[in-house]
Structures are given as structure tokens and as C-alpha cells.
Amino acid sequence: MSDRKVTIEFNDQIVRQFMLAAVIWGAVGMLVGVLIASQLNYWQLNFGLPWTTFSRLRPLHTNAVIFALVGNMMFAGIYYSTQRLVKARLASDLLSKIHFWFYQLIIVSAAITLPLGLTRGKEYAELIWPINIAVVIVWVIFAVNFFWTLAKRNEPSLYVAIWFYIATIVTVAMLYIVNHLSIPTSLLHSYPIFGGLQDGLVQWWYGHNAVAFFLTTPILGIMYYFVPKAAERPVYSYKLSVIHFWSLVFVYIWAGPHHLLNTALPNWLQMLGMTFSLMLWAPSWGGMLNGLLTLRGAWHKLRTDPVLKFFAAAVTFYGMATFEGPLLSIKSVNAIGHYTDWIIGHVHGGALGWNGFMAAGMFYWLAPRLWSKPLYSQSMANLHFWLGTVGILLYMGAMWTSGITQGVMLNGTTEGGTLLAYPNFIETLNTIRPMMLMRVIGGTLYFVGWLMMGYNLYRTIKGAQTVNGSIEVFVETPKAEDKLGFGGTFFNPPVMFSVLGTISAFAWIFGGHWLQIVGIFGTSLVVILAFVHYEAKSHNWGIWYDKLLVSWIPFTVLTILAVVVGGMIQIIPTVVINKAASVEDRIQKVYTPLELAGRDIYVREGCYTCHSQMIRTMKSDVLRYGDYSRLGESIYDHPYQWGSRRTGPDLARVGSKYNNSWHFLHMRDPRATSQGSNMPSFSWLYDWKTDVAALPSKISVQRMIGVPFAPMTPAEIEKSVKEQSAIIAKDLRNEGNYIEPDREIVALIAYLQQLGKFETVKTKAPAKP
């Protein structure tokens, strides 16, 4: 093919669509966020309806912000920047349209199903299995369109932003598929194949890295494109970009276990998560500094340019969040912060400050270019910035104060550590109420700022003419010598040193005494040799990397390998660890059919959003809730219910702590049994009938995934349910509480009374010498 000059018109229609969808869904997600924050202060705002309770709306809020706001913003930024970076129109207009409308349909489906209680009961992974299949399909469509565009690009080398987009696409696919592996029991319900510890580890391997590869890496790619464009300055350091990318994608995947510190998780996995979380400080701050220093020589523009204000603040919040994350992964700090509002503040600092401000800055920059019209009001955009900034700071400050206060109170002891300083959980809750109200104020300010942006963009595009960007490019015939083959990709100094260093580090971390010594020596030697070789042959390293960037397939393969290694090391051992033979000294009792029905009701109502079922190995937890939780005590829980926030007390050993009547009264009116509680009432449980007909299918699937249910016919299941529910209803009636045995409240009470019940396992005595 001979060289030629062509004019390319970009597909910016898809960018406009995703951008406007992000603005609209962002407003919806924030509105729900303000409502549920208010519900924590005023329980009456739950409205006594199942569809508007905090526990059902919280997953709607998180999914709306993560997948609807950031997801749409991410697709807009990727589609806009990729076309210009590779100097090619998106490969398929049809795939782009299907991607947009299919994705919006998924969001609408989530907005309908989550308030209806149709959930998998796993944070950031609540969507039911038919929707999950749709998510996988739309992600494949996105990936095909993206990589097809790379294949037909007219710019030989891949720019930094493209690296982060590639890492996002391949890693999110791996994480999402593994964590959502489920076996359906019906069209709208399924059980995850993982349970207990295994499910918890897989969940936070996904949950932590969803933050990394959905909320961080694509936005970093957007930062590397839009910040230099807005500042009219080149990226500060190309070398720092290389180090930032590869260290981030390799290290981030290991850090998930830090969400399970001080739990029944094996200590080696806790230390692994903490160690790699602390290592994240370096690449994260390297990226932050690269972004901020790109603004060198353009700081004076921040006084008048709202776009640069948002970008500079967003990168700063990224730095704050990535400093706080590793800090919270230190076990002693985590002991205070985990299960408290400190974590909520940390998450929202990233979501509102990093993602939200990057989105706002990008939208303000894009609007005049996509509609060929100046922004309606620069002053309104500046006001949005200051409202948002004050809102975030009020929110984060309130959550830091609330979280640390409650953490210290819950962990506080007296009398030489033998008594709790604050034995009543609700006392700690009432102490932090002013800070919970301050969160509402901060969130409302941020929400108002977002609405102002929506109005500003509406006035900008009203009556404007849409315009698609275009470019003239000189299409060159690619040279064969610029491409890397298999040997050139893997058998070269950078890759070989990385592999040898990783193997040596594994020996150091996981090996026995002598292997650790060999690992330390090997790691040190590899680092020294790599440094010496780079100093002597840095030009050759650069040539190899330049060739790698011309070959998107080898680059993608190396990226996949970098993220897969960490996942395998964490996940594969748990397949063995979670077996019934490795349960410490206790194993969970298998649920009865009625208790299983009650557990599904518990999950449906989102009780895990406020209650944990994991007593940590800490004195204060043991004094407050009972003996610490063992590995085997949740082995049959699909999904696991360890939780991540305690708005209410832990329930791991609540069984038999209260009688049936207490639970009966508590669920109808929590303040009747716990004065000062902010828990909503669940009155519909007293009217709705337990779905006994669904139990045969559910128990069949439970048996398939390893729960040792005894073989039962549908008639035997129904008989078991009737017998156990009749006993509970009779006991309630004797206490003056009348209810039909077939009501859901009876099943839920059966489940709650079972919590903490276990069978003792005899451990083998060590062999005598």
C-alpha cells in the first residue's frame, strides 16, 4: 500500500451521548446519596416502604455513582481521546451505538431491581445474574470497538493514556467475571459459587480493584490526555509515566486483603495485603506528581479557568485518597477505622474529589468543542467548583471525625481492659449524629454544584450546532522491523529482570527460612543487576519499549500477565483453605430450609449494609460481641456476610442472645427495643408470605456448590418449614405476639436465632517426635 493523506472525521456523537448520560445519572446518584445520608439521621425518611429503605437504596446509590456516573464519563473520555491519540475514527459506529444504549438499559435495570430487593448481596456486585451477563456482553462490545480501533490506527505509537485504557479493559473483565460466577436458582436469583472466606477474599479482590481499574486507571488515562490539553503543556515526565503505569498495574491487584484485616482471614494474606497497600504509596504519588507538575508554567491560569481548577483539585484529591488508603491498611490504624465512617469519608474523597471533579473539568472542557459554542457561564462554573470543594471538605471532615470518634469509643476499655468503656452500641451512634448531619450538608452542597453544572451545560448546548472533530493524517505503511514478535516481547532485559525479581520476591515473602534468605539475596541481586544494566544499556531499553508501544497485542499480553500473577497468588490458595478440613476448631451448622429462606430475606433487605457478621480478633470486639469468629463459622455462607460498615452491632453471635419476641418487636419498631436506634422498621415482613416454593431449587443449588444439605424432596422441605415456623409462631403467641407461621418475619427470626451456632471440630494433635 502506498503512503497517502486522508481526512478523518471523528465520531463525537457517541462522546456527547455518554457525557450527557453521565451528567444525568450523576444527579440521580447524588440525590439518592443525600436521601440515604438523611435517613441515617431521620429514620422517618425511610417512609415505611420496602423500596425506599436505606438498606435497599444504598446499593442503588453506590452503583449509580460508580457505574452510571463514572462509567459513562469514562466511556466519553476514552472515546474522545482515543480517536485523537490514534488518529482514527472509532472502528464501528454500530458497535458504539449498541454500547451506549445497551449500557443505559443496564443502568435502568439496576435502578429498578435494586430497590425491589433483587440483589446478590455483595458490595459493588449486587446486580442479579441476567444483568451481569448483559454487563459482560456490553464490555466485550466496548473492548472489540476499542482494540479494533487500535488495529486500524494511523499513529504508530501508543500514548500513555492508551496504556491505562488497555489495563482497564482487560483487568475489569477478569475481575468482574470471576467475582460474579454464580449458579441461578431462578430467573431473578442465584448463589455465588464462592462462600465464606473464599467469597470474602474474591469479593475484595474484585471490590478493591474495581476502585483501582474502574475508578482509577481509566481516569488516570483521561488525566494524561485532558490535563496537558487544558494546560497547553506537555506531560511533565514520560519516564515517570512508564514507572507509574507498570508499578501501579502490578502492585494494585495484590492489595485487596487489606479490607479483611483482623478477621478470620489467614494472617499471611492479611500481611500480603498490608505490605502491597503500603507499596502503593510510591506509584500513586508518582502519578499525582506527574499530573500536578504538568501544570508547571500554567498555574496563573487557575485564577480564571474553571477547567484547570477542577483538574488540579481532582489530582490533589487523588493524592489524598491514595495516601489515606495505604494508611488505613496498617492493621493498628485499620482496627480503629474499619466498620466506621472513616472508610466512608475515604471512599467519597476519591469518588467526589477525584472522579467527580475530573468529570466536571472534562465536561466543561468538552462542551464548547462538541457543540461549537462558548461555555454559557464561566462564573457559574467557578461557583460550582467552590461549592463542590466546600461540600467535599465538610463531608470528609465530618466522616473523619465521626469515624475516629466511634472507632475509639467502640474499642475503648476500662478496668485494665476487662470492661467496655461504652458497652451500649447506640451510645456511640448518638455521639456521632452531629457529624452525620454535617455529612448531609456537605453532600447537599456538592449536589447543588452538580445541578449548577447541569444547568450551565444545558444553556451552553441549547440552540448550539453539534460538531465532530476532524484531522488530516498522512497514512504510512507500517515497517515490519518496528513490530515486536513473541521473542522480542518476552526475551529481553526489562521483562527478564522483572520476572526474576518477582520470583525472588515470592521466595522471600512466601518461602521457608532458607528460601527466604535465598529470596532476599536474589531480589537484591536482580535489582542491582537491573540497575547496572539500565545505566549501561538504557538506550536499548528505550528502543525495546518504543517497539513495544507500536505493537498493541504484545503490550496487552504483558499487561494481562502483570495483573494475573497477583490474582492467582491470592485466589488459588483459598480454594484449599476454605475446605471443610481447614476450619480451625469450629464448623458452621447447615441451615434448615426455613433458616435458608430467612437468610435470603436478610440479604434481600440489605441488612449487610449496616450489620457485620465477623467478630474480629480484638479485645474490644470479643468483649462486645462474644468469641472471635473462626474460619469455619461462615464456610457455608453464599454469599458471605462479613460486612464493611457497622451502623448497627455485629450479628455473628446474635443467635439466642435475645428471645423470639425481642426480634419480632425489634423488626417492627426498632425503637421499642433499642431506644435511639436509627434503623427503619420492616413492617412488610409481617404481611408477606415466605416463598417456600423456591426452596427446592435453592437447596439443590446449595448442594451443587458444596453445602452439605441432606437430600430432601419438595414435600419434606415444606414439612420442615411448617414444623419449625409453627414452633416459632407458638412461642411468639405465648408472649402475646400473634403472627401467621407462613410470614417472612418468622423465617427471618429463624435465621437470626441460628447465627453463631456451630459444631466443634476436633483438631489433630501434633505428631510426637
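**Close-up views of a predicted model**

**View 1. Surroundings of Ser504.** Beyond the residues within four places of it in sequence, Ser504 is in contact with Gly519, Gly522, Thr523 and Val526. The model shown here is predicted. Ser504 is found in helix α18. With a relative accessible area of 13%, Ser504 counts as buried, because that value is under 20%. A polar atom of the Ser504 side chain lies 3.0 Å from the backbone oxygen of Leu500. Leu515, eleven residues away from Ser504 in sequence, is 9.2 Å from it in space, C-alpha to C-alpha.

**View 2. Helix α18.** This helix comprises 18 residues, 493-510, and reaches 25 Å from its first C-alpha to its last, close to the 26 Å expected at 1.5 Å a residue. At the start of α18, the backbone nitrogen of Val495 has a side-chain oxygen of Asn492 within 3.1 Å. The buried residues of α18 include Pro494, Val495, Phe497 and Gly501. Ser504, Phe506 and Ala507 are also buried in this helix.

**View 3. The largest nonpolar core.** This core has 172 residues, and Phe213 and Phe363 are those with the most contacts inside it. Helix α2 (residues 54-86) supplies the largest share of the core, 18 residues. At least three residues come from each of domain 1 (481-581) and domain 2 (586-760).

**View 4. Phe363 and its contacts.** Not counting residues up to four places away in sequence, Phe363 touches Met19, Ala22, Val23, Met73, Trp450, Met453 and Leu457.

**View 5. A second core.** A separate core of 41 residues has Val654, Phe682, Ile699 and Val746 among its members.

Key. Residues numbered from 1 in each chain as written. Predicted model: local features only at pLDDT ≥ 70, side-chain atom pairs only at ≥ 80, totals over all residues. Heavy atoms only, no water. Helix = DSSP H or I, 4+ residues; strand = E, 2+ residues; numbered from the N terminus. Expected span 1.5 Å × (residues − 1). Buried < 20%, exposed > 50% of the residue type's maximum accessible area, 1.4 Å probe, protein only. Polar contact = N/O pair within 3.5 Å; in protein donor to acceptor, adjacent residues only side chain to side chain. Contact = heavy atoms within 4.5 Å. Core = buried A, V, L, I, M, F, W, Y, C linked by side-chain atoms within 4.5 Å. Domains from an automatic or database assignment.
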